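I opened the model to look up its salt bridges. My notes follow in the order I made them.

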Amino acid sequence: MPRRPLSLGRTFARAYQRQLKAVTGAMARVGQGAAKRVRDAAAESTRPPPGPGDWLAGIAFAAGGACRYHLFVPPPVPGRPVRGLPLVVMLHGCRQTARDFAIGSRMNALARREGFLVLYPQQSALANPEGCWNWFSEQRADAEVGLVLATIDQACLLYGADASRIAVAGLSAGAGLAARLAMRAPERLQAVMMHSGVAPGAATSARQVLGAMAGRRAPALDLAADGAAMLPPLLVVQGGRDTVVSPVAGRLAAEVWARAVGAEATEPAIQQRGKRHPMQVTDFRRGRVVEVRLVEIEALGHAWSGGSTRGSYTDPAGPDAGRLFWDFARRAFAACTPPGV
C-alpha cells in the first residue's frame with residue numbers, strides 16, 4: 001500500500017524541527033567558543049604582569065552588582081611602611097582588561113619606585129560587551145561608581161590603603177567614569193585624571209555619545225549646592241591627533257571643572273621632556289592653588305601617553321602620563337595633609 005503524502009503542515013513542521021536543531025547546535029558551538037574565550041581571558045587576567053610585586057585578585061559587591069578587580073602591591077622596601085600607602089585607582093578604556101591597562105600604563109613600575117598601591121577595577125562583559133564603563137548613562141554610570149567605591153573600600157579595609165590619599169585616573173571611557181566618581185564622591189578623592197575622555201553631562205544617552213566625543217556637546221556637572229567646593233583637583237591629558245575623542249572635548253572638560261571651582265586659566269606653557277612629544281600645559285588657578293591642569297599633546301592620538309607597546313592604546317613617544325599624574329596627585333596629597341602630620 002503506497003504511503004500517504006505528508007500534509008503541507010507536517011512538512012513545514014519537520015523542516016522547522018531540522019532548522020531548529022541546526023540552529024541550536026550552531027548556538028551551542030558559539031556558546032562553547034564564547035565560554036572558552038571568557039575562561040582564557042579570566043586566566044590571562046590573573047597572570048601577574050611582569051616585574052616584582054603582588055598581583056592580587058578580588059571581587060567587591062554593591063547595589064549595582066559585583067565588580068572584579070586586581071590590586072598591585074609593591075614589594076617591601078626597607079624603611080617604607082607596608083600599610084598606609086597611597087592608593088591610585090586606574091579605570092581602563094574600552095576593549096581593555098585590568099591586566100592590559102596595568103602593562104600599557106606602566107603604573108606598576110612607578111608604584112614600585114614611589115611606594116603606592118594600584119587598584120584596577122574590571123568592567124564586566126555583561127555590563128558592556130566592549131568592556132567600556134558606561135560613562136554616559138547616568139543610572140548605569142552611578143551604579144558603576146558604587147561598584148568602584150566598593151573596590152576602594154576593600155583595598156583600604158583588607159590591604160591597608162590610606163583612605164586620606166586616594167587618586168583616580170581613567171582612559172577614554174574610564175576617564176568619563178573617573179570624573180563621575182570624583183563628582184559623586186568628592187570627599188573620597190584627593191586628585192583625578194581624565195586621559196582622552198569626556199566629562200560627565202556631555203551625553204546622557206547613547207544617541208548623544210558621538211556628539212559629546214566630537215566636542216559638540218558641553219559637559220554639565222550635576223553637583224549639590226556645596227559640591228563644587230569639594231571637587232578634587234583635575235588633570236586632563238588630551239591628544240591633538242585623537243580621532244576618537246576630539247581635543248575640544250578635553251578642553252571643555254578642563255574648562256567646566258575650572259568654572260565649577262572658580263579657577264581661572266593662566267598663560268599656557270610649552271614643555272618637553274627629553275625627546276618625548278612636546279606638551280602645552282595650561283593651569284587653572286584659584287588663588288595660588290592649581291585646581292585644574294590641562295595637558296595638550298599635539299602629536300598624540302587616542303592612546304595612553306608614554307605607555308608600553310606591550311599594552312594596548314599606548315604611545316611610548318608621549319610624555320609619561322603616569323608620572324604626570326603621580327606628581328599631580330602627590331602635590332594634592334600634601335595640600336590635604338594637616339601641618340605637623
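Which residues are linked with Arg-330 in a network of salt bridges? I found Glu-114, Arg-323 and Asp-327 in that network together with Arg-330. I note that the model is predicted.

Entry, Asp-327 and Arg-330. I looked up this pair and found a salt bridge between the side chains, at 2.9 Å from N to O. Asp-327 and Arg-330 both sit in helix H9 (residues 321–336), and because they are three residues apart, about one helical turn separates them. I put Asp-327 down as buried, since its relative accessible area of 15% falls under the 20% cut-off. Arg-330 is partly exposed, at 37%.

Entry, Glu-296 and Arg-251. I found the side chains of these two in a salt bridge, with 3.1 Å from N to O. The pair links distant parts of the chain, 45 residues apart: Arg-251 belongs to helix H8 (residues 247–261) and Glu-296 to strand E11 (residues 289–297). Glu-296 is buried, with a relative accessible area of 17%, whereas Arg-251 is partly exposed, with 34%.

Entry, Asp-283 and Arg-285. I found a salt bridge here too, and the N to O distance is 3.8 Å. This value lies within the 4 Å cut-off, so the pair is counted. Asp-283 is buried, with a relative accessible area of 11%. Arg-285 is partly exposed, with a relative accessible area of 32%.

Entry, total. How many salt bridges does the structure hold? I noted 15.

How values were computed
Residues numbered from 1 in each chain as written. Predicted model: local features only at pLDDT ≥ 70, side-chain atom pairs only at ≥ 80, totals over all residues. Heavy atoms only, no water. Helix = DSSP H or I, 4+ residues; strand = E, 2+ residues; numbered from the N terminus. Buried < 20%, exposed > 50% of the residue type's maximum accessible area, 1.4 Å probe, protein only.
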